[in-house]
Amino acid sequence: MAWLIALKDLRVEWRTREIIFTTGLFGVLVIIISSLSFYLSRDLSSRLAPGVIWVAIAFCGVLSMSRSWARERENDAVRGLLLSPIPRPSIFLGKWLSGMFLLLAIEAFLVPLVAFFFHLDLTPVWGRLSLVILMGSAGFLAAGTLFSALSVRSRARDLMLSVVIFPLIAPALLSAVVATREIFAGAPLEETLEWLRVLAAFDIIFLAGGYLLFEPLMSE
Amino acid sequence: MSFDFERVETRELVKMYGVTRALAGVDATFSAGNVTVIEGPNGSGKSTLLHILSQEVRPTGGEVRYGDRRVRRGRLRAQIGVLAHQPMLYPDLTGKENLALFGELYEIDDLDSRIDGLRQRFQVGRYADRPARTWSRGQLQRVALARALLGRPRLLLLDEPSTGLDTQSVDLLSRAIMDERARGAIVILVTHDRAFAEAVGDNTLQLHRGEVLSEAQAIEGVS
């Protein structure tokens, strides 16, 4: 059932291309401004790039989640989902899946763009970097999906999402930034693995928490 | 396993929103083949009662019995259809896509023929092949009615369904309610449209400040 909801989101996005274009454009802007402001030399670029990557991902993620749930508010469509006989955690999983697909598509464009503007060679690190980005995005989106759902009927929804989500995901986001920095600095695999374990723990907590809390929190 | 019931009963139903008491011990019985109109001024708890009956929100106190069993959530929701002022349709999907999505969520076997049948029944024309965003209010409400009836619900909850509809659409809605009553559905209607209520209702339940003022009064000329 989660797949049905995810496919519905992707079909709507395919038709409108709204999230990809608006969020992707915002990400490009963040990267270009950062490169113009911070780029000093090739030596320093590998230290700056992790921050730029994750700032772009964090803002794009919040924007895409916000827009995705705004679609659920139109015509009160989310009520139709909540009234249906599917287990409510399926709605959480479906929204998370579609959010992951869209964010990964945006990241697949933004990360090479960061490499281009900061003169980085991704060839030796792409495997580990992809894993960190995948794991960082998974936990971030799980927490974001839960709070976006909660704020769907709140008037201060955008404010609430930004105010609540960033402190909540800060540990996961910081782990992802440090892991990315280690990868660019050429740290051995063992050191990166420690951060990947931290990210995995956050992913499990946020995904399991979202799955378990969605039903009781959406029943009021 | 499917679950069916011929009566819905609320016992001492209480709902608090913070310190605000929306329902204050509502006792009511709704039977199959009957259209009950819930009346009352704004803030009397009509919509809250529907939200609890539809399993959307939990009551603070009391209980709802569907048939002889006290059931919550899960498969019970497959037996409940809701039509409200908002159509609960995705604006960027077509009518068929919207109905197919909800049909799959309700796990309806003969989905294509069911959708075709409902489109014919509610005179859903070619407009439904366009995204819902482009439809009029009446067109939206026809497809929303089809969505609510996709799963042949035993309990049909209608919250201000006729607001903003033209005469033809109100007639179509009235006929649909009569048909559902004849099929044996338990129909509960909240409306401020007195003429519409008298046209389709069998009895009324009056709420005031979350309490039942009078229950199951037959509407004159109908029952």
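1. Helix α1 of chain A, in this predicted model, covers residues 2–16, and its 15 residues reach 21 Å from the first C-alpha to the last, close to the 21 Å expected at 1.5 Å a residue. Arg17(A) follows α1(A) and has a positive phi, near 55°.

2. The buried residues of α1(A) are Ile5(A), Ala6(A), Lys8(A), Asp9(A), Val12(A) and Glu13(A). Because they cover an arc of only 155° around the axis, they are on the same side of α1(A). An α-helix has 3.6 residues a turn, so residues three or four places apart point the same way. The partners against which the buried residues of α1(A) pack are α2 (18–38), α3 (42–73), α4 (77–83) and α5 (88–117) of chain A, together with α2 of chain B.

3. Chain A as a whole contains eight helices and zero strands, and from the N terminus on its elements run α-α-α-α-α-α-α-α. Taken along the principal axes, the C-alpha atoms of chain A fill a box of roughly 55 × 35 × 30 Å. Its radius of gyration is 18 Å, which agrees with the value near 17 Å that a compact globule of 220 residues would have. Buried residues make up 46% of the 220 residues in chain A, and of the contacts in chain A with a separation of 6 or more, 85% are accounted for by residues 24 or more positions apart.

4. Chain B has a secondary structure of six helices and nine strands, and its C-alpha trace spans about 45 × 40 × 35 Å along the principal axes. For its 223 residues, a compact globule would have a radius of gyration near 17 Å, and the 17 Å of chain B agrees with this. Of these 223 residues, 48% count as buried, while residues 24 or more positions apart account for 70% of the contacts in chain B with a separation of 6 or more.

5. The contact between the chains takes 24 residues from chain B and 19 residues from chain A. On the side of chain B that touches chain A, β5 (80–83) and α2 (95–105) of chain B each supply at least two residues, and α2(B) gives the most, with four residues. The residues of this side of chain B divide into 14 nonpolar, three polar and seven charged.

6. Thr36(B) lies in strand β3 of chain B, which covers residues 34–39. Is Thr36(B) buried or exposed? With 23 other C-beta atoms within 10 Å, Thr36(B) is buried, because the cut-off for a buried residue is 20 or more. Leaving aside neighbours within four places in sequence, Thr36(B) is in contact with Phe30(B), Ile188(B), Leu189(B), Asp202(B), Asn203(B) and Leu205(B).

7. The largest nonpolar core has 131 residues, of which Leu145(B), Ala146(B), Leu157(B), Val187(B), Ile188(B) and Leu189(B) touch the most other members. In soluble globular proteins, nonpolar side chains tend to be buried together. Leu157(B), again leaving aside neighbours within four places in sequence, is in contact with Leu50(B), Leu53(B), Ser54(B), Ile80(B), Val82(B) and Ile188(B).

Technical notes: Residues are numbered from 1 along each chain as its sequence is written. Chains are lettered from A and ligands numbered from 1 in the order in which they are written. This is a predicted model: local features need pLDDT of at least 70, side-chain atom pairs count only at pLDDT 80 or more; totals for chains, interfaces and linings use all residues. Two residues are in contact if their C-beta atoms, placed from the backbone, lie within 7 Å. Ala, Val, Leu, Ile, Met, Phe, Trp, Tyr, Cys and Pro count as nonpolar, Asp, Glu, Lys and Arg as charged, and the others, Gly among them, as polar. The expected span of a helix is 1.5 Å times one less than its number of residues. A residue is buried if 20 or more other C-beta atoms lie within 10 Å of its own, exposed if 12 or fewer, and partly exposed in between; C-beta atoms are placed from the backbone. The arc is that of the directions from the helix axis to the C-beta atoms. The radius of gyration is taken over C-alpha atoms; the globule rule is 2.2 Å times the number of residues to the power 0.38. A nonpolar core is a set of buried Ala, Val, Leu, Ile, Met, Phe, Trp, Tyr and Cys residues joined through C-beta atoms within 7 Å.
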